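Please look over the sequence and the 3D structure below before reading on. The paragraphs that follow go through a few of the features.

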Amino acid sequence: MTALAPRPMRTQPKRRNIIPQLFLGALLVYFLIPFWWIVVNSSKDASGLFGGGSALWFADNVDYIGNLTELFTYNGGIYLRWISNSALYALTGGVGATVLSVLAGYGFAKYRFGGRRFAFSLLLGAVMVPLTALVIPTFIMLSQLQLTNTVWAVILPSLLSPFGVYLMTVYTRDAVPDELLDAARVDGAGELRTFVQVALPLMRPAIVTVLLLSIVATWNNYFLPLAMLSDSKLYPVTVGIGLWQSLASANNGGGTSLWSLIIIGSLVSIIPLVIAFLSLQRYWQGGLSLGSLK
Amino acid sequence: MTIKAESPALATPIVRRKPSPTQARARRRHSIVGWLFVAPFGVIFLVFLIGPLAYAFYLSLFKKALIGGTQFVLFDNYLKAFTDQSFLDGVWFVLRFSIVLIPLQMIISLLIALVLDAVVTRFTRFSRLMIFLPYAIPAVIGAIMWGFLYSKNFGPLGEIFGMFDATAPDLLSKQLIFFGLLNVVTWQWAGYYMIILFSALQGIDPTLYEAARIDGANTWQIALRIKVPLISNALLLILVFALIGTLQFFSEPQVLKFLAAGSIGPDFTPNMYAYQQAFALANFNYGSAISFALGIVVFICVYVFLFLTRKRGSFLS
């Protein structure tokens with residue numbers, strides 16, 4: 001991919017770069033302010049939060065450990081439960097959606113089966129259907145099968161990723177040459193072996209991208225689990241913190257202790273994905289634009 | 001991408017001249033294997049996309065009455081929805097919101113991408129990563145973080161405006177919540193769109209710029225006349241993403257409604273209204289009608305839009 005190749009150095013006068021960099025610097029402050037706020041305020045207790053000190057600086061009492069302990073022990077350690085639920089949903093949903101996308105994308109790109117054109121245009125149409133519009137009907141459907149309020153109600157609908165299939169198809173069409181597949185077949189490799197040993201390695205950049213996109217989509221999902229689950233033990237962290245937030249807002253004053261939990265809970269919940277993105281940047285930076293390069 | 005696309009004619013491994021029995025069998029086998037690869041996704045597609053859509057449509061044709069149970073009412077629910085002020089207000093809100101949000105987001109992300117493409121230093125590389133970071137944050141958490149920043153109790157706005165002896169705007173108030181939400185969504189998505197545009201810019205052959213420079217073009221002209229037209233596919237893609245995303249607006253207002261007491265009603269967006277109808281009022285038939293109507297409206301909007309802007313080699317071809 002040319003997108004990942006280093007570009008030739010440009011000779012530009014250094015002075016002219018100052019204004020664009022100042023512009024970026026200002027934007028950077030804007031994009032990072034919420035992170036700064038949450039890191040600072042995670043260190044405060046209720047009196048630090050409401051005591052009238054600066055909202056963007058630490059209070060006298062910096063107590064991350066105390067807040068963390070309270071977060072993980074509150075209500076019998078429900079927060080840890082939420083985090084593990086999120087991880088379970090994101091991993092199974094994300095990996096499952098990716099596997100389905102890889103198989104279907106390879107099928108669409110490399111086999112000319114009857115009905116392929118029709119199936120593919122159906123898929124393109126599905127990319128344009130807002131997935132949240134499916135939540136309520138899916139809920140009613142699953143409730144007739146007694147599947148609501150189980151982990152399956154969140155995992156199974158998360159397997160649907162029309163955009164993932166579209167990305168894989170577009171990528172595989174160009175990245176896996178037909179000649180190579182034919183050569184493998186002539187050498188006596190079966191269809192499955194050709195797919196696993198010849199095609200899969202070539203599809204890797206797109207696989208990582210689709211995997212990351214679907215894990216993020218499931219981890220961040222709110223509407224689907226909110227609708228499907230009524231047992232708070234099954235909540236993912238997004239719905240859980242949303243619940244705390246509605247409780248804290250409802251009994252203004254009485255719920256002050258919850259506010260510091262919400263703040264540090266939010267901070268802890270974003271750490272895994274922030275780390276994932278920072279450490280995997282080599283993969284996603286080129287991959288995210290796949291759908292538009294065609 | 002460096003690998004060139006083969007023309008469809010070259011891609012078919014099948015020889016057309018005279019299909020011998022062995023060739024016909026091979027072709028049939030080829031077709032079956034193709035279906036087998038697509039089948040697992042196909043099952044999920046049928047069960048969790050076509051199924052719910054068809055079921056929602058079916059449910060939307062009925063009405064649960066206190067007396068007489070469930071009745072077939074044909075399109076009554078749709079007639080009701082399109083004369084229901086709550087639903088129409090929600091639709092009107094998301095339309096207004098899209099019209100302001102999408103150009104704003106696109107301009108910001110395009111500007112950042114152009115700057116990042118033109119100036120390569122350690123600082124700009126770092127900025128690229130940091131500006132993208134909000135994408136990794138769940139919409140719920142993003143909305144909570146900004147809700148805190150806006151709030152009178154926790155937020156810094158009072159302090160900052162106090163330094164200039166001014167009163168801080170209350171972005172959670174009924175008048176300004178539009179801008180409060182606009183800011184949350186822009187913050188969350190501008191970085192993602194920026195990365196898409198940036199990667200597209202990086203895919204342009206740099207010799208084009210040298211040729212333009214020799215012809216006397218300056219940096220601005222190169223950006224506007226060469227770079228922007230060449231990434232129009234990527235621009236179109238993010239426009240479609242943004243449109244689909246905004247019309248189904250749910251998480252941010254749903255979460256902020258607790259902090260912004262009174263500014264966000266349960267019928268603020270069509271999705272929130274459908275949620276309220278289905279879960280708070282147990283009115284599944286009407287909720288389904290709203291969901292289905294929303295899905296169809298979005299689908300048609302996007303399809304028409306893509307059709308109008310279609311060109312060779314773009315998304316739909």
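Is N75(A) buried or exposed? N75(A) is exposed, because 10 other C-beta atoms lie within 10 Å. The terms are set by the number of other C-beta atoms within 10 Å of a residue's own, with C-beta atoms placed from the backbone: buried at 20 or more, exposed at 12 or fewer, and partly exposed in between.

This is a predicted model, in which local features need pLDDT of at least 70 and side-chain atom pairs count only at pLDDT 80 or more, while totals for chains, interfaces and linings use all residues. Residues are numbered from 1 along each chain as its sequence is written, and chains are lettered from A and ligands numbered from 1 in the order in which they are written.

N75(A) sits in the loop between α3 (64–73) and α4 (78–110) of chain A. Helices here are DSSP runs (H or I, at least four residues), as strands are (E, at least two), numbered from the N terminus. The phi of N75(A) is near 55 degrees, a positive value in a residue other than glycine. Most residues other than glycine have a negative phi. A282(B) also has a positive phi, of about 55 degrees, although it is not a glycine. A282(B) is in the loop between α13 (270–280) and α14 of chain B, and A282(B) is exposed, with 9 other C-beta atoms within 10 Å.

Next comes a pair of helices in chain B. Helix α2 (residues 21–59) and helix α14 (residues 284–308) of chain B pack at an angle of about 125 degrees, with axes 8 Å apart. That makes α2(B) oblique to α14(B), since angles under 35 degrees count as roughly parallel, over 145 as roughly antiparallel, 65 to 115 as roughly perpendicular and the rest as oblique. Axes are lines fitted to C-alpha atoms, for helices over the stretch in contact, and angles run from 0 to 180 degrees between N-to-C directions. On the α2(B) side, L53(B), A56(B), F57(B) and L59(B) meet residues of α14(B) including F284(B) and F292(B); contact requires C-beta atoms, placed from the backbone, within 7 Å.

The contact between the chains takes 91 residues from chain B and 89 residues from chain A. On the side of chain B that touches chain A, α2(B) gives the most, with 19 residues.

How values were computed: Contact = placed C-beta atoms within 7 Å.
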